[in-house]
Amino acid sequence: MKNFTYCAPTKVVFGRDIEPQIGPELKALGATRVLVHFGGGSVQRSGLLDKVLSSLDAAGLSHIELGGVSPNPKLSFVREGIELCRREGVDFLLAVGGGSVIDSAKAIGVGLATGNDPWQYASTGTRPEPHETFPVATVLTLAAAGSEMSNSDVITNDLVTPWVKVGITSETVRPVISFLNPENTFTVSKFQTGCGIVDIMMHTMERYLTGEGNAMLTERLAEAILTTVRDAGRRAINNPRDYDARADLMWASSLSHNDLTGCGKTRKFPVHKLEHPFSALHDNIAHGAGLSVLFPAWAKFVVRYDTMKFAQLAERVWGCPMDYDCPERTARAGIDAMQRYFMEIGMPIHLHELGILPKDYQPIIDLTTAKGPVKSYIDLGPEEIHAIYLLAE
Ligand code: NZQ
Ligand code: ZN
């Protein structure tokens, strides 16, 4: 197990009927004027926004609203948010929505606190980190990205050609408090539920499959999350109002990306780095759908470099009997089982299902490798990435 520092400072308030606690909690955290940030309308239709505003009013907190965050949130809108908050004297950001809304709020917070454009901190590790931000709270409505506890903030720069989607990674951007009411995810569509299931699994598996020795407890925690999500995912897809299934997905979303399942391992996230250029260049591609296509193809490409770990995962999570004579057979059976599961929950597994055809490959490869190869078991340069795409056709 490698040395590590683990700090997950986000306070979590979890369960039914927690919305009245939002105002008092924010007030206790020093908020005086709150930006309530949300997306394209789901929180208005569900009535959640009204509950949130009532709670702020009851606590005597003044607030302004900014809706309209799009999936794969855009830098141009973040800049509008920063201007608005400066004009209005906002000192606290409350994101009511999924990962995109939370990430937009995080970027606004960084811009407000540093006085710099948040894009200057978006990096794959080469730019400076922001060292301050305005506090961000979340009211989560979609179990998926894990941004409600994560140190990541993924933004698309829509002001350059082609668009670029990368993350600000910094301890600074972890939300100070997240309100997780599983009932707020009852209205999530089957497709978005499926995207969330895949994303949660990926945040766990990308930390599991790193090619390093053993971090046994960390791996067992990861397997618990994966098997829970596997079963709860099926139940939530079949019955969107299954509270316990939604609750397990929601808690798994947070635990899969607050670094608990990465303790003692190195964070590389190659499949995320393969996916982000897809949703940058093709804005209609949901992050989880892109991962659903790319992860099995990546796994088939690299399985030979970490056969025993893939086989362990296959046995413990996907129920594949261990073939001690040929563990690679078990490892590959596990990848096939995972892919069948993705199909079962309605997720795409081929590039053409994302609308991506061979003529589209080169621009995506160019963007993916613009700063050099993607680090994985081996470096993934243009040739290797093309080979992965062929496995996803
Ligand atoms: O905009 P609204 O109307 O709210 O609709 C959203 C959106 O259309 C809808 N939705 C959300 N909650 C709902 C709901 N519809 C009905 N009922 C509800 N309760 O779902 C759609 C997708 O929302 P979005 O926030 O985009 O999805 P998700 O949570 O999957 O976030 C995806 C974004 O997060 C980034 C992704 O790259 C992508 O940009 N990620 C952020 C991470 C982080 N900050 O730690 C890590 C992830 O790996 C990921 O990269
Ligand atoms: Zn993700």
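Mentor: The assignment gives two parts, domain 1 covering residues 11-184 and domain 2 covering residues 190-391. Keep in mind that this is a predicted model. Taken over C-alpha atoms, the centres of domain 1 and domain 2 are 26 Å apart. Where they touch, 32 residues of domain 1 are in contact with 27 residues of domain 2. The size of an interface is often given as the accessible area lost when the parts come together. Here the area buried between domain 1 and domain 2 is about 2,400 Å², and carbon and sulfur atoms give 59% of that area. On the domain 1 side, Ala143, Lys165 and Pro182 supply 21% of the area buried against domain 2, more than any other three residues.

Next come the polar links. Between domain 1 and domain 2 there are 11 residue pairs in polar contact, with both residues at pLDDT 80 or more. The count of salt bridges between the two domains is two. A salt bridge also joins the side chains of Asp283 and Lys74, with 3.1 Å from N to O. As for the elements involved, strand S1 (11-14), strand S6 (152-157) and strand S7 (164-169) each give two or more residues to the side of domain 1 that touches domain 2. The largest share of that side, three residues, comes from S7.

The loop between S6 and S7 holds Pro162. A cis peptide bond joins Thr161 to Pro162, with omega about -10°.

Asn72 sits in the loop between strand S3 (62-66) and helix H4 (75-88), and its phi is positive, about 55°, although Asn72 is not a glycine. Asn72 counts as buried, at 7% relative accessibility. Asp259, in the loop between helix H8 (243-256) and H9, also has a positive phi, near 85°, in a residue other than glycine. Its relative accessibility is 17%, so Asp259 counts as buried.

Note on methods: Residues are numbered from 1 along each chain as its sequence is written. Chains are lettered from A and ligands numbered from 1 in the order in which they are written. This is a predicted model: local features need pLDDT of at least 70, side-chain atom pairs count only at pLDDT 80 or more; totals for chains, interfaces and linings use all residues. Side-chain values use heavy atoms; hydrogens and water are left out. Domain bounds come from an automatic or database domain assignment. Contact means heavy atoms within 4.5 Å. Buried area is the accessible area (1.4 Å probe) that two parts lose on being put together, summed over both. A salt bridge is a side-chain nitrogen of Lys or Arg within 4 Å of a carboxyl oxygen of Asp or Glu. A polar contact is a pair of N or O atoms within 3.5 Å; within protein, one must be able to donate a hydrogen and the other to accept it, and residues adjacent in sequence count only if both atoms are side-chain atoms. Helices (H or I, at least four residues) and strands (E, at least two) are DSSP runs, numbered from the N terminus. Buried means under 20% relative accessible area, exposed over 50%, partly exposed in between (1.4 Å probe, protein chains only).
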